[in-house]
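Dear colleague,

Please read the notes with the coordinates open beside you.

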Amino acid sequence: MRDIHVEEIQCKTILNKSVMPFADYTLNAYLGCAFGCSYCYVPVMRARRGQVDDEKWGGWVQVKMNAPDVLRRQMLRVPPEARLSIGTATDSWQPVEKRYEISRRILTELAYYPNPVHLLTRSPLLIRDIDILQRMENIRIGVSLPTFDDDVRRTFEPYAPAIPGRVNLVKRLLAAGLDVRLFWSPVLYGVMDNRDAVRDYLRRAADLGVQHLMWSTLNYAETLWKPHLTLLNDYRKTASDRPKTSLSREELAHEIKRWSAEYGIDCGG
């Protein structure tokens with residue numbers, strides 16, 4: 001178990017105007033993320049903005065202690081049709097959430113409003129909050145699942161929740177009647193971007209009962225490509241099967257379209 005530096009802070013705002021096409025406002029209960037996935041774009045963006053961190057990404061978290069109170073005030077000025085997105089720069093259900101319950105209190109506030117809310121997580125801790133999610137008028141939940149293979153997860157996101165826990169999260173959310181989408185992001189180069197892997201992933205997603213899926217390849221590759229290749233080399237040393245040929249992005253998109261149609265899954269990428 002790693003030591004994570006946790007700092008309690010006060011925030012002036014919790015809702016921020018979004019430049020992304022799928023949201024009007026973003027909302028992040030924490031700064032930093034203990035999961036520290038190797039392909040995360042957030043530390044790249046922080047570096048580009050000149051934000052210098054004392055500790056490595058994944059080793060620190062700042063808790064926005066007053067976030068629910070600030071949200072309550074801000075929501076009075078937010079139009080009811082405004083789209084809110086939770087978890088664009090951190091996982092709001094990372095381990096510290098079990099202690100602080102900031103994200104649960106945020107959901108409790110949002111349940112009073114009709115606004116469309118989208119949240120993204122990879123944490124089974126969200127199961128705890130199904131009771132609140134079921135009270136929300138317009139909630140869509142994305143579960144990050146780059147692979148169904150826990151050996152792959154151990155290499156590329158070793159501090160993130162194990163795959164069986166995420167699969168159980170999807171099952172529980174679907175059983176609760178909630179709108180759930182898988183986020184296959186990124187499709188890991190050299191591991192998940194071959195024909196067999198694409199077919200297997202979409203088959204297993206369909207077996208779970210998933211009807212919607214979003215996928216993308218590695219973001220900010222100019223920065224993240226080199227560390228990814230290092231991890232890929234480590235993975236291939238221990239992988240039991242021989243590496244398969246990677247598809248081009250066009251070929252990858254074609255295979256995903258082919259098998260998503262075969263298994264009745266709506267895919268966007």
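A residue is called buried here when its relative accessible area is under 20%, with a 1.4 Å probe and protein chains only. By that cut-off Ala160 is buried, because its relative accessible area is 6%. Please keep in mind throughout that this is a predicted model.

Ala160 belongs to the loop that links α6 (150–156) and α7 (163–175), and once its neighbours within four places in sequence are set aside, its contacts are Phe35, Cys37, Arg122, Arg153 and Arg166.

Leaving out residues up to four places away in sequence, Ser260 touches Leu202, Ile265 and Cys267.

Turning to the sheet, 8 strands make up an open sheet with mixed pairing, and their order is β2-β3-β6-β7-β8-β9-β10-β11. The edges are taken by β2 (15–17) and β11 (266–268), each of which has a single partner strand, so that one side of each is left without a neighbour in the sheet. On average, and with direction ignored, neighbouring strands of this sheet are turned by 25° against each other.

Strands β6 and β7 pair in the parallel sense over 3 bridges, and here Ser85 stands opposite His118 in β7. Strand β7 (residues 117–121) is in turn paired with β8 (residues 139–144), again in the parallel sense, over 5 bridges; in this pairing Leu119 faces Ile141 in β8, and the bridge partner of Thr121 is Val143, also in β8. The pairing of β8 with β9 is likewise parallel and runs over 5 bridges, with Ser144 having Phe183 in β9 as its bridge partner. Both β7 and β8 are mostly covered, since 4 of the 5 residues of β7 are buried and 5 of the 6 residues of β8 are buried, where buried again means under 20% relative accessible area.

Two helices that lie across strands of the sheet may also be of use to you. Helix α4 (residues 102–110) lies across β3 (25–27), β6 (84–86) and β7, and runs at about 165° to β6. Helix α8 (residues 195–208) lies across β9 (179–184), β10 (212–215) and β11, and runs at about 165° to β9.

How do the axes of α2 and α4 cross? The axis of helix α2 (residues 67–74) comes within 9 Å of that of α4, and the two cross at roughly 20°. Angles under 35 degrees count as roughly parallel, and α2 and α4 are therefore roughly parallel to each other. Their crossing is right-handed, and the residues that meet there are Ala67, Pro68, Asp69, Leu71 and Arg72 from α2 and Ile102, Arg105, Ile106, Glu109 and Leu110 from α4.

Finally, how many disulfides does the structure hold? The number is 0, and two of the cysteines can be followed in detail against the cut-off, which asks for a pair of cysteine sulfur atoms within 2.5 Å. For Cys33 the closest cysteine sulfur is that of Cys37, and the distance of 6.5 Å is too far for a bond. For Cys40 the closest cysteine sulfur is in Cys33, and here the distance of 6.7 Å is again too far for a bond. Cys33 counts as buried, with 9% relative accessibility, and Cys40 counts as buried as well, at 18%.

With kind regards

Key:
Residues numbered from 1 in each chain as written. Predicted model: local features only at pLDDT ≥ 70, side-chain atom pairs only at ≥ 80, totals over all residues. Heavy atoms only, no water. Pairing = 2+ DSSP bridges. Axes fitted to C-alpha atoms, helices over the stretch in contact; angles between N-to-C directions. Contact = heavy atoms within 4.5 Å. Buried < 20%, exposed > 50% of the residue type's maximum accessible area, 1.4 Å probe, protein only. Parallel < 35°, antiparallel > 145°, perpendicular 65-115°, else oblique. Left-handed = near helix turned anticlockwise from the far one by under 90°.
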